[in-house]
Amino acid sequence: MTGQTLAPAPRVRQSRKPAIVRAVTVAPHGLWCLLFILAPLVFVVYYTFTDPDGAFTTANLANVFSASYFAVLKRSVLLALESTAICLFLAYPLALAIAKLKPRNQSLVILLLMLPMWINLLIRTYSLKLLLEVNGPLNDFLGLFGIKPIRFLNSEFAIVLGMVYNYLPYMILPIYSVIAKIDPRLKEAAQDLGCNGFQTIFRVVLPLSVSGIVSGITMVFVPSISTFFISKSLSDGRIRLIGDVIEQRISLHNVASYEIGSALSFVLMILIIVSMLITNRFGDKDGGVVL
Amino acid sequence: MKTLSRVYIALILLFLFAPIIVMMLFSFNSAKSTAAFAGFSFKWYGELFRDEKAGEALLNTLKLAVLSSVIATVLGTLAAVGLSRLKRRWVRNTIQSVTNIPMMNPDIVTAVSMLMFFVFVGGMLGIATRSFMTVLIAHVTFNLPYVILSVTPKIRQMDKHLLEAAQDLGCTPIETFFRVELPVILPGILSGLLMAFTLSIDDFIITQFTKGEGFYTLPTYIYSMTKRSVSPKMYALSTLIFLVILVLLILSNVLQAQMDARRDPKKIAARALKKKKKMKEN
Amino acid sequence: MNKLIELKGITKSFDGEVVLSDMNLYIRDREFVTLLGPSGCGKTTTLRLIGGFETPDCGDILFDGERINDVPAYKRQVNTVFQRYALFPHLNVFDNIAFALKHKVPKDEIKSRVDEMLNMVALRGFEHRNVNSLSGGQQQRVAIARALINRPRVLLLDEPLGALDLKLRKDMQFELKNIQQATGITFIYVTHDQEEALSMSDTIVVMQNGKIQQIGTPTDVYNEPKNAFVADFIGESNIVDGVMREDRKVFFDGRVFDCLDGGFEKNEPVDVVIRPEDVDVVPLDRGMLRGHVTKVTFKGVHYEIIVDVNGFMWMIQTTDYVGVDSDIGIYIEPDAIHIMKKSEFSGTIGDYSSFSDEMDEISNPDVELDEHGNVIERFDSDAGDSDSDKAAEEGER
C-alpha cells in the first residue's frame, strides 16, 4: 500500500534550465526594435539639436517657434481639434444606432464602414476634391436647387471636411466595439430601475464607453494633426499645416532642411505625447485602450 | 426612433461612399473635364494599361508588400511566441511598448525618423541613404506591431494545457511548437500577414521619404500624378484599386466565416444532423 | 508490489509562497491512489511534479528507483489526463489519440492501436469526428484513450470529472475504476470531492497546507481520521474538546464516556469525533447528554437536526422526526466515539452554527473575501491583535 517514507532525503539544489530558447526567439525582434525604432528616434533628436557642423544648438528649435512656423502650428492644432470634435459628435450616435441593428446587419454595416479605410488616403482625398470643385458634381447637384456654385476648396472648411471624411471610420469603430460589448442586462437593469432611453444612454452607456471614446479621439487627432496630403490637395498647397512644412523641407534632401524637418517632427511628437497623456487621464482607469 | 437610426446610418454611408462612387463614374467619362459627363468610355483604362511606369509601380508595390509582410510575419510571430513565454514582466512590457511606437506615432514622424537614421548611417558607412533596402526595412518596421498584435491574442487564448499535453505525449519543445502551437495560432498569423500586406500596399509617406530616386510604388506614383495636371487615368487606377480591395475584403471575410464555422460546435452539430438526414433519405 | 514512485523531501514554492513543504510519499504499482484535499492544498502541484511539468525546489523524485528530477516531461513513462481534456482542436479524434505514436510507429500499427483504444473507451465510429463537436463525456474518453495509447506505467488524472454533470460523473467513476483494474496501470487521481475519493480509491492521501495529513484506505480515513481537518473534510463530524482520563475513558461535555481508543497519556487533551449518523436520539431520561433542537431539515433519507448541547451546535442525522425547539436526549455508543490527538487544526473547525467559512465572515467589513468566499485579508480594527489571536478566540467559542 502507498505510504510515507520516514527518513528525510538529502537536500539537492536544482540547476536552472537556461532560457536560451526564449532569448533566441525574441532576440532578432529586440535587435530590430533597437536599430529601427529607437535609434531613428534618437537621430531625430540628434538632428533637431545640431547644426550643419555637428555642434549642439537650439537654433532649430527656436526657429520652429518663430512667427511663421508658429502660425502653422497653431492652425494645425486648431483644425485637428475641430475635426476630432466633429468626428466624435457624428460617430457616437452612429455607434449607438448600429448597435441596435440585428447582428447580421451590424456586421454588414461595419464591413461597409471599413471599406473606405482600406482605400488609399490619396485616392479618398482626391475623390473628395473631385466632388467639391467649383464646376464639380456637388455644385452641379446644388445648382439643381438654384444655388450658385460655392468655392468649397481652398478653405479651412475643406481641410476639416477632408479630415472628417478620411478619419470618421477610425472614430466609429472603437466606440462601436466598446458599446457592442456592454452587457445588455446592464441596460435592462437601468430600465428596471426607472431610466428611459436617453437616461440609460447618459447614465450607463456613456460612462462605460469612455475607453472607446478615448481610443477614437487618439486615432483621429494624431493623423489629423500630422497630415499633409489632405491640406495640400484640398487647398493647392496654399493653406499649410505642420505636415506640409515637414514634407516640403525634407523633400529638399539637404542637411539644413533635415534639421528643420527634424525639429518640426520633434515638436509634433511632443505635442502628440502631451495630448495622449491628457486623454489617458480621462480614459480607462486600468489604462486599457481599444485598438 | 428605429427609422431615424437607419436613416442616419444610410446618410453617413452615403457621405463616405459618394466621392468614391463619383470618381468611379468619372473614370468612365469620355471627356477629360469633371464638369460634365460626356459619354461612357474605357479610354482612360486603356491609357492606364499602356502606362509603363504604372505597371512598374504596381510590380514594385507588390514586391515590397510580399517581402515586407512575410519578413514581418516571421519575425513578429517568433517574437510574439517568445514574449508570451517571458517571465519577467518588465522586459515584456518594454519590448511591447517599443514595438508599438511606430503604430502610435503619426506616419510622417516615423518617416522622418527612419530617414534620419538612414542618412546618418549611410553617411557614416558611405552607402546610399535611400534605396530598395531602406524602403523594405521601413515597411517591415511598421508592419511588426500589427503582426504581433494579431498573433498575441491567439496565443493568449490558447489552452496552455495543450502544450503540456503535447510534451506529456512525447513531443520535444520544438516538436510541440510545430505540431501543436503553430497550427492553433495559425488564424492569427494569417490575419497578421494579410494586415501587413495591406498596410504595405497602402503606405504613402514612409515610402515617399525612404525610397530612392525613380523608384515608385502605386501610392507614390499617384502622388506624382497629382502634382501635375491630373489625367483621368488616375481615376481609372483608383477605381481598379478600389475594386481589388473590395474583392479581397469580401474574400477574407468569407474565409474567416468559414474557418469560424468549422470550429463552432453548434454549426458542426447542425451540419452533422443535415448529413444524417440526407443519408436517411437516400 | 514495489514502490513505483517516490517523492523524498519535496519542497516547492510559487512566487514566494510555499505550496509543498518537505513532502514524503511513495506510491505502489497497480494501485488507484487519490490525492484528496481542498483547493490550494498542493495536490495538483504534486501531480504536476510527477508529470514533469514543474521541478521541485528541493528533494528527489524517483521512478522505479531512479532519480528523474532532470528528466523532461516528454521522456517520462507517465501520461496525463488534463482537467479540461486539452484535446488538440486542429486534429480529429483519430489524430488526437494517435498523436503520441505519430512518426514513431508504422502506420498500420497506429491504426490497430487506435482502434484498440477506441474500443476500450467505447467510441468506435468516432475516428473522423471533430473534437469540438463532442460532448463533455465523449471528449473525456478521447483524452483517456490518448493518454493510455502509450501504455504508460502511471496515469495522472487532474480532476477529470469536474466538468461533467452528476449522474454522468457517477457512471464515469465506475468506468475509470474498471479501466484501472483491467489495465493494471497505476492511477494517481486528484480531486477535492471526498465522495469520489471514497468510492474509487484503493488508497487516499489527504492533503492540506502542502502537507500530507493522512494516508489510508477509504474505510481507515473515514472511520479513523487522524486529526480534526481530516475528520471535518471527509463526511460530517461533530468535533469537541475532550480529555482522556485513562485508556477507553474520555471526558467531555461534563461527563465521562466509554470509548474504544487508548494509547494516550493520562489526562491528555484530545479532539473527540462523533459522526452525526452515529448519535442516537432517545427520550430525555435515557440520554447521556441533553440537547435543544434549533433546526430541523428533511433530507429525504433522514432528518438533519442541529442541536444545542451546552452551547455547542451538534449535527445529528436521525430517521425519526423531532420537533424544533424540543429538548432531546442523546445517547452515544462507545464505538461511535473516535479520539484524535490535538493538531494545528484543533479549534479551527468550529461547530454547526454554520456550514461554510464564508457565512461566518459574510457581514464582517474588516475582512476581504475573494469571489469564492475565501478570506484574502483581515484588517484588524483593534491595533495589536494578531490574526492568530483572533482565530484562537473564535475557535474557543
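Visitor: How much of the contacts in chain B with a separation of 6 or more comes from residues 24 or more positions apart?
Guide: Residues 24 or more positions apart account for 75% of those contacts in chain B, where two residues are in contact if their C-beta atoms, placed from the backbone, lie within 7 Å. This is a predicted model, in which local features need pLDDT of at least 70 and side-chain atom pairs count only at pLDDT 80 or more, while totals for chains, interfaces and linings use all residues. Residues are numbered from 1 along each chain as its sequence is written, and chains are lettered from A and ligands numbered from 1 in the order in which they are written.

Visitor: What secondary structure does chain B have?
Guide: Chain B has twelve helices and zero strands, with helices (H or I, at least four residues) and strands (E, at least two) taken as DSSP runs and numbered from the N terminus.

Visitor: And is chain B compact or spread out?
Guide: Chain B is more spread out than a compact globule, because its radius of gyration, 24 Å, is well over the 19 Å that the globule rule gives for 282 residues; the radius is taken over C-alpha atoms, and the rule is 2.2 Å times the number of residues to the power 0.38. Along the principal axes, the C-alpha atoms of chain B fill a box of roughly 70 × 70 × 45 Å.

Visitor: Which domains does chain B have?
Guide: The assignment gives domain 1 (1–41) and domain 2 (51–234) of chain B, with bounds that come from an automatic or database domain assignment. The centres of domain 1 and domain 2 of chain B, taken over C-alpha atoms, are separated by 34 Å.

Visitor: How many residues are in the contact of chain B with chain A?
Guide: The contact takes 56 residues from chain B and 60 residues from chain A. Helix 1 of chain B gives the largest share of the chain B side, twelve residues. That side divides into 44 nonpolar, ten polar and two charged residues, where Ala, Val, Leu, Ile, Met, Phe, Trp, Tyr, Cys and Pro count as nonpolar, Asp, Glu, Lys and Arg as charged, and the others, Gly among them, as polar.

Visitor: What about chain C against chain B?
Guide: There, 19 residues of chain C are in contact with 19 residues of chain B, and the chain C side consists of nine nonpolar, eight polar and two charged residues.

Visitor: How many helices and strands are in chain C?
Guide: Chain C has ten helices and 22 strands. Its domains are domain 1 (3–223), domain 2 (236–353) and domain 3 (363–397), and the C-alpha centres of domain 1 and domain 2 of chain C lie 39 Å apart.

Visitor: How much of chain C is buried?
Guide: Buried residues make up 38% of the 397 residues in chain C, a residue being buried if 20 or more other C-beta atoms lie within 10 Å of its own, exposed if 12 or fewer, and partly exposed in between, with C-beta atoms placed from the backbone.

Visitor: What is the order of the open sheet of five strands in chain C?
Guide: The order is 13-12-11-14-20, with antiparallel pairing, and two strands pair if DSSP finds at least two bridges between them.

Visitor: Why is one side of strand 13 and of strand 20 left without a neighbour in the sheet?
Guide: Strand 13 (255–258) and strand 20 (337–341) of chain C stand at the edges, each with a single partner strand, so one side of each has no neighbour in the sheet.

Visitor: Over how many bridges do strand 14 and strand 20 of chain C pair?
Guide: Strand 14 (residues 268–274) pairs with strand 20 of chain C in the antiparallel sense over five bridges, and Val273(C) stands opposite His338(C) in strand 20.
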